[in-house]
Amino acid sequence: MKDEACIHFLQWALPQMQLRWQGFRRVRKQVCKRISQRINRLGLADELAYRDYLLSHASEWQTLAILSHVTISRFYRDKVVFNRLESELIPRLCAQLLLRGEKYLYCWSAGCARGEEAYSLVLLWSFVLQNYYPEIVISITATDIEPLMIQQARKACYPFSSVKNLAPEWRQRAFRQINDQYCLHPIYQQPVTFSLADVEQMVGTQSYHLVLCRNLVFTYFSLNRQVQFLHKLQTQLSAGSILVLGAHERLPEGMSGWRQWQSRLPIYVRE
């Protein structure tokens with residue numbers, strides 16, 4: 001399928017799944033490739049025939065939704081954000097916990113892909129912050145809708161391209177190299193619980209102090225779905241809890257109950 005044909009198809013199909021074409025514009029090639037493969041598997045002539053197939057087979061929309069998932073992940077993606085988590089945000093949360101006499105710091109990595117984000121939190125906690133807050137235990141829930149992603153996350157072995165942003169000392173301490181793979185030592189896997197779950201079904205099911213929802217809801221979902229997600233999220237976050245978005249994401253305009261931590265940073269505090 002040629003690029004122009006795929007663009008027209010996505011501009012037609014995405015809104016019907018309450019997804020935003022704008023979010024897919026730069027990453028469409030991997031989605032277009034999957035859709036082309038699906039069209040061939042079904043024995044259809046082209047994307048126009050696939051349109052007709054979708055209109056006559058309602059269950060195919062769910063397949064298309066899965067084909068439209070975009071995965072781009074690595075350890076310490078957006079270092080500026082992780083540096084702020086280290087220097088300001090997690091210390092702030094820990095201070096609040098100690099004041100309330102609480103022990104557990106609950107975190108959620110939403111759309112966790114292969115687990116790099118969740119494990120990055122573990123390494124930051126283990127190598128830096130735990131020394132300052134020995135009374136506190138970090139507990140991380142990491143969810144993704146794709147079974148293969150969860151399977152790979154539990155395996156916790158990665159190519160060098162995934163771990164290259166980590167400090168060499170951290171790589172050496174946290175991973176053992178097996179051929180061309182870097183496999184995380186089991187002790188650093190223990191704080192993370194991986195679950196196969198849709199982000200919209202998970203929201204509202206548990207209270208968290210820190211939520212990382214980066215490059216997912218606020219890039220690909222329609223505005224209506226974003227607002228619904230935020231309303232549900234507000235009910236499970238107490239005042240002072242933190243929501244971290246992707247580097248180029250922002251909350252929808254006019255949303256009350258959130259304060260941006262600093263201008264130009266995609267970090268919000270629940271008021």
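## Contact between α3 and α5

In this predicted model, V31, R34, I35 and R38 of α3 meet E60, T63, L64 and L67 of α5, contact meaning heavy atoms within 4.5 Å. Four of the residues in this contact are nonpolar, one is polar and three are charged (Ala, Val, Leu, Ile, Met, Phe, Trp, Tyr, Cys and Pro count as nonpolar, Asp, Glu, Lys and Arg as charged, and the others, Gly among them, as polar). The axes of α3 (residues 28-41) and α5 (residues 60-67) come within 9 Å and cross at roughly 145 degrees, where axes are lines fitted to C-alpha atoms over the stretch in contact and angles run from 0 to 180 degrees between N-to-C directions. Helices (H or I, at least four residues) and strands (E, at least two) are DSSP runs, numbered from the N terminus.

Residues are numbered from 1 along each chain as its sequence is written, and side-chain values use heavy atoms, with hydrogens and water left out. Local features need pLDDT of at least 70 and side-chain atom pairs count only at pLDDT 80 or more, whereas totals for chains, interfaces and linings use all residues.

## The open sheet

Three strands, in the order β3-β5-β4, form an open sheet with antiparallel pairing, two strands being paired if DSSP finds at least two bridges between them. Because β3 (157-158) and β4 (175-178) stand at the edges with a single partner strand each, one side of each is left without a neighbour in the sheet.

Two bridges join β3 to β5 (residues 181-184) in the antiparallel sense, and Y158 has Y182 as its bridge partner in β5.
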